[in-house]
Amino acid sequence: MWEQDHGRRPWRLALLAIAAILALVTAAGCGSSSDDGDSAATGAQTTATTADAGGEKECSVEGKKIQFVAPLKSNPTMQVMAAGFEQRAKELGFDATVLMTDDAEPQRILALGQQAMTQGSDGMVIPPYDAALYPFIKQASAAGIPIITTHSSVPDSEDLGMKQDIHPDPAQYGAEAARAIGEQIGGRGTVAVTQGGFNPIENAAAEAFTAAMKEQYPDVKVLKSQVEGFEPAAAISKAVSVLQSDGSIVAAYSTTGGGPRTWAGAADQAGKRLVIIGMDYTRPNLDLVRSGKVYAVVAQPIYEEHADAVDALKAAICGEPVEAEVSAESPLVTTDNVDEYYDLLDRTGT
Amino acid sequence: MTPDGRTGAPAGAPSAGGSPPALELESITKRFGGVTALRDATVRVRRGEVHGLVGENGAGKSTLLKILDGQYPAGSYEGVVRIDGEAVALHAPQDARARGIAIVPQETSVIETLSVGENICFGEGGGPFADVRAMERHAAAFIDQLALRLDARTQVARLSSSQKQLVMIARALYRRPRVLILDEPTSALTAEETARLFALVRQLRDGGLTCIFVSHRLDEVSELCDRLSILRDGRVVDELARADFDVERIIGSMIGRRLTDLYPERTGDAADAGPAAAPAAPPALAVERLSIRHPERPGDFVVRDVSLAVAPGEVLGVGGLVGSGRSELLGAIYGRHPIASGRVLLGERELRISSPREALAAGIGLVTEDRKRDGLLFNLGLRENVTLAYLRSLGSVVLDRGREREIAQEAVRRFSIATRSIETPVGQLSGGNQQKVMLARALERGPRVLLLDEPTVGVDVGAKAEIYRLIRALADAGVAVVVVSSESAELLGLCDRFVVLRDGAVVDRFGLGEASETRLMTAAMAAKTSSEEER
Amino acid sequence: MEERRVRATPGGADDARARRLLYQTLRVPEVGILLALVVAVAVFALVNPSFVAWANIESNVRTIAFIGIVGVGQAMLIIAGEFDLSVGSVAALGAVVAAILMSDHGLPIPLAVIAAVALGLLIGLVNGLLTVKVGLPALIVTLGMLFAARGLAYVISGGTQVYPLPDGVRTLSDRVLGLPMAIWVFVVLALVADVAMRRSGFGRRLYAVGGNREAAQLAGIRADRVKLAAFMLTGALAALAGVLVMAQLGSGDPQIGMNWELAVIAAVVVGGISLRGGVGSIAGALLGVLFLQVVSSGLVVSGVEATLQPVAVGTVMIAALGIDQVRHRRFGG
Ligand SMILES: Nc1ncnc2c1ncn2[C@@H]1O[C@H](COP(=O)(O)OP(=O)(O)OP(=O)(O)O)[C@@H](O)[C@H]1O
Ligand SMILES: [Mg+2]
């Protein structure tokens, strides 16, 4: 009894304390929220300049309501996606809305999608990153709303009825990375491969890398994939261990966005020079490319994907034929073209 | 050689009854690292007898019993264990169980979160999905059969130490053992419960049960046992048949010398036993109309309107049954339980404290009754346990280790604690020596008021005498002492004045002149019967 | 008596002394994990000699420096009878907050670091208050904090690395006397903590409270305060570790410290810290951290299949605990 009495009242205390901490930390975080404000402003500016470009085609989509429904509105990658969608939509004269959640919870995205449907929608772009979203895609398609899915691929076994599935092809960029590394190391030596985790996309990239290397540079030995994980310090230590396991390693390929930092850090610690290719054109990664510590990063075409998705929507609305599956090209970013990507980041305000 | 006399007969030879001894521990030597707990000890127990095992703290009694229970597996000691004349290798308690041996260990070992019934039936059939209700029904029936006062559905955590002891006994008997081992079962029991236990053991013995009984209370041993083995320093030094029981001889064998007086002489005013209630001098500690709320039943009290006073140099005995509020009273004075009404005076000044820390600072010391639950730190050694309440004086940041060692060594010397070194983990000390460690700690800060709750639980006669002498010496040095004890003889021998609690209230108070075992008991027992009627 | 005289022959005495020495050595709690560590290093070095190459050793030590700093706090907390699952998240939050304060708000680097550590201290305080004063189980409280703090790290950082950081941050990861700063911080902390646990009043109180809270309280120890202090220390050290990782990476990454909580608890338990409280030492705990790092790195170096590595780590962990249990039963200590 004593204990129970003990336990009840303080719940309130607990909530209070949590609230206090929340308040404190949000106060500390106001720097970043001002960033968000800036990015919104730059976005508005760019769209204003391009707004009157569209609207003169045969089939007009002027005023048609389309939505981009996605998670994580503060995530820079997601912001680039939204920017691709928004700018192209403005160009074409759509009445476009970006609906994004604060977190990655699919249920909230579903709610946003339903809301868009009830308010009227002529088309939607949705990254189907979670299978929980499939039923909604199916439902909306059945209701006659054209849907374009982006970035993550929907398995062939699912028949959701969307108009187009547009996404990068891990096999393509995996092979591309193999070609680049093979050339850089002159066709001989050993290459290490690491993944963030053993998920289907990363597996496909790593397998394509290994296969392409075997085919084009048969003298290069590709080691089996190791898991670097997502914790940066542990990843670097893992990569150093990989380097120790084989003295002949001259290059490294990572299928994850942390990869450039992981391998650059490991090469530093081991005092080695490596030809490194990793994923994603984030600012730190671009800096690593520019400084020469990393040879290249794979640029998943997240901006273009979403611009293309808007084109596909227009085609669908105008009754033109739309290809069911499109794989978007993922180019490599090296010192040669790194400036373009800095520009892109500047433009999207991230 | 008398028929029951010393068993000088060679091992395995047919004894008077013609059958081999039910149990035979032959030439057992058991070492713990550098410590030899048993040296070539031989004990033979006949079928259907109650065999007593006595000896000082650390003599090796519990160790011997743990060997018999398979807790120390065969191979970890030298010597042979025979059951019914057949040499057996007991590797685990299960082996002992399979041979019909059940033990009630010295240390409380119950599962606090389970009910009485579950504790009793635990592990006895029922499979993985035991039906708790059925267990409790079986247990209830069994408890009735044993005529114990327990409710099978109560959660064990709510029981007093004496009730927990009864649960452990019931659990052992529930397995219908052929051999029952009782390691100091009575140290936590009241006189009445002890009497009932003895009746039960005799009845079972007449039904063929063999029993080994350990106690430091020689009157109990003399009363219950048929034969007796006496251990000293890990050796069996004497073996007596009932006809030869003689307390002086037993004590002599146990401690290797003659014990003149168990209780120290009283000095000063108390010796001539003035009138009952009032203390002889202005009190060092006074409790006025103190009440403490019941922890579970709202509106009810565990201590009601209790007033008492102790003068410097006095030893006040608090009698009453377990559960009569004695421990709670001490706890409240020590700042452990909140006071509902009334007040505590230390000298002239009112004591307003809310934690044991403040009580310590005010010069109050407490030794609790259950050293396992709230007394000792079993993760630490003797040294750390002794100095625990004294840390601040050993340095504000870094502890003065030299000083700490001195204190611990001094405590070992002063209390004659039997230990290999001051670094020995307290869990490896025998029960009685653990008790001495607690006393040493309470005295480390030189308290002006000392509260002792069952200060000699599990302490051998020799050490008891020392503890009594210590308490008396403290009193003579001006400390006011309050002693709670379930042993009437102890209270009578040690204290100057008496207060008896019943159901949380004072029912009797008297001075030494009017004190008697009968008066103590009647006052306390009346409580029992009346509270039973209430239920 | 006679027996003793018989034994006291010169040869027998030598023998006995040798045996006692061996026995006493085996009683030292850290010996088990130390042996396991030596064996592991030897095996991996045999399989692939480059395991003991300096770069690998340094990398391993540098990695355990981070987890080790967290381990110091966690070990103290577990000894006091509680534990904290939020350490990894607090490290991330500390890193992100320090990064934002120094880059976006232009706070001087030392101040930003101090602010981050203070935030860790505060989170520890909240964990402690909810656990100790309110009486909620540490499992629930710190699990909640694990999610809350990580979530906040994401929110504050906008889900991405806080980058770039002012150049001065590099001094935090510079080499001092040939070793990275983080290693020095770790070594100093570890030494201080180990001595504190063995010799100081605070250390003794932690053991007492973890061993038997009620008994400690009756001996005048303010058990609640002791536990609170341990929680706060754990939070502060976690944030500090996060800041040091941030300095090494040159960016405030909200993914710092991912899964540290379990790695740390597993490691200190392997190193002889009992989850029941009151038992173990900092030295042992850190040997445990080193041991698990050696094993996971050694498996990579000796070319064990990636998918099998977690299985091997788990097996080795359980084996190490089992061996220690046997040692404990045989020799006590
Ligand atoms: N696990 C252990 N490790 C080391 N020494 C031990 C251990 N258990 C018991 N001892 C030592 O063995 C001796 C015998 O202890 P034991 O518990 O058998 O005494 P006892 O006769 O039951 O005493 P008491 O009456 O106080 O219960 C003591 O000196 C004790 O310190
Ligand atoms: Mg004993």
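The model is predicted, so local features are reported only where pLDDT is at least 70. Chain C and chain A bury about 3,700 Å² between them, chain A holds an open sheet of 6 strands, and chain B holds an open sheet of 4 strands.

**Where chain C meets chain A**

- The contact draws on 49 residues of chain C and 43 residues of chain A.
- Carbon and sulfur atoms give 64% of the area of about 3,700 Å² that is buried between these two chains.
- On the chain C side, the residues that lose the most area to chain A are Val134(C), Tyr163(C) and Val300(C), and together they make up 15% of what that side buries.
- For those who like to look at charges, the count between chain C and chain A is 2 salt bridges.
- One salt bridge brings together the side chains of Lys224(A) and Glu305(C), with 3.4 Å from N to O.
- Polar contacts across the interface of chain C and chain A come to 13 residue pairs, with both residues at pLDDT 80 or more.
- Several helices of chain C each supply at least two residues to the side that touches chain A: α4 (54-79), α5 (87-103), α6 (109-133), α7 (138-157), α12 (223-249) and α14 (282-301).
- Of these, α4(C) gives the most to that side, with 7 residues.
- Sorted by class, the side of chain C that touches chain A has 25 nonpolar, 19 polar and 5 charged residues.

**The sheet of chain A**

- Follow the 6 strands of this open sheet in the order β2-β1-β3-β4-β5-β12, and you will find the pairing parallel.
- The edges are held by β2 (95-100) and β12 (325-328) of chain A; each has a single partner strand, so one side of each is left without a neighbour in the sheet.
- On average, neighbouring strands of this sheet are turned by 15° against each other, with direction ignored.
- Within the sheet, β3 (residues 123-126) and β4 (residues 147-150) of chain A pair in the parallel sense over 3 bridges.
- To find this pairing at residue level, look at Met124(A), whose bridge partner in β4(A) is Ile147(A).
- Helix α4 (residues 76-92) of chain A lies across β1 (65-70), β2 and β3 of the chain, and runs at about 170° to β2(A).

**The sheet of chain B**

- Here the 4 strands of an open sheet come in the order β2-β1-β4-β5, and the pairing is antiparallel.
- At the edges stand β2 (35-45) and β5 (86-88) of chain B, each with a single partner strand, so one side of each has no neighbour in the sheet.
- The twist from one strand to the next averages 30°.
- Strand β4 (residues 78-83) of chain B pairs with β5(B) in the antiparallel sense over 3 bridges.
- In this pairing, Arg82(B) stands opposite Ala87(B) of β5(B).
- Helix α1 (residues 61-68) of chain B lies across β1 (23-32), β2 and β4 of chain B, at about 115° to β1(B).

**Backbone details worth a look**

- Most residues other than glycine have a negative phi, and most peptide bonds are trans.
- Tyr163(C) and Pro164(C) are joined by a cis peptide bond, with omega about -5°.
- Pro164(C) sits in the loop between α7 and α8 (170-173) of chain C, and Tyr163(C) is among the residues that lose the most area to chain A.
- His151(A) is a residue other than glycine with a positive phi, near 70°.
- The loop between β4 and β5 (164-168) of chain A is where His151(A) lies.

How values were computed:
Residues are numbered from 1 along each chain as its sequence is written. Chains are lettered from A and ligands numbered from 1 in the order in which they are written. Side-chain values use heavy atoms; hydrogens and water are left out. Contact means heavy atoms within 4.5 Å. Buried area is the accessible area (1.4 Å probe) that two parts lose on being put together, summed over both. A salt bridge is a side-chain nitrogen of Lys or Arg within 4 Å of a carboxyl oxygen of Asp or Glu. A polar contact is a pair of N or O atoms within 3.5 Å; within protein, one must be able to donate a hydrogen and the other to accept it, and residues adjacent in sequence count only if both atoms are side-chain atoms. Ala, Val, Leu, Ile, Met, Phe, Trp, Tyr, Cys and Pro count as nonpolar, Asp, Glu, Lys and Arg as charged, and the others, Gly among them, as polar. Two strands pair if DSSP finds at least two bridges between them. Axes are lines fitted to C-alpha atoms, for helices over the stretch in contact, and angles run from 0 to 180 degrees between N-to-C directions.
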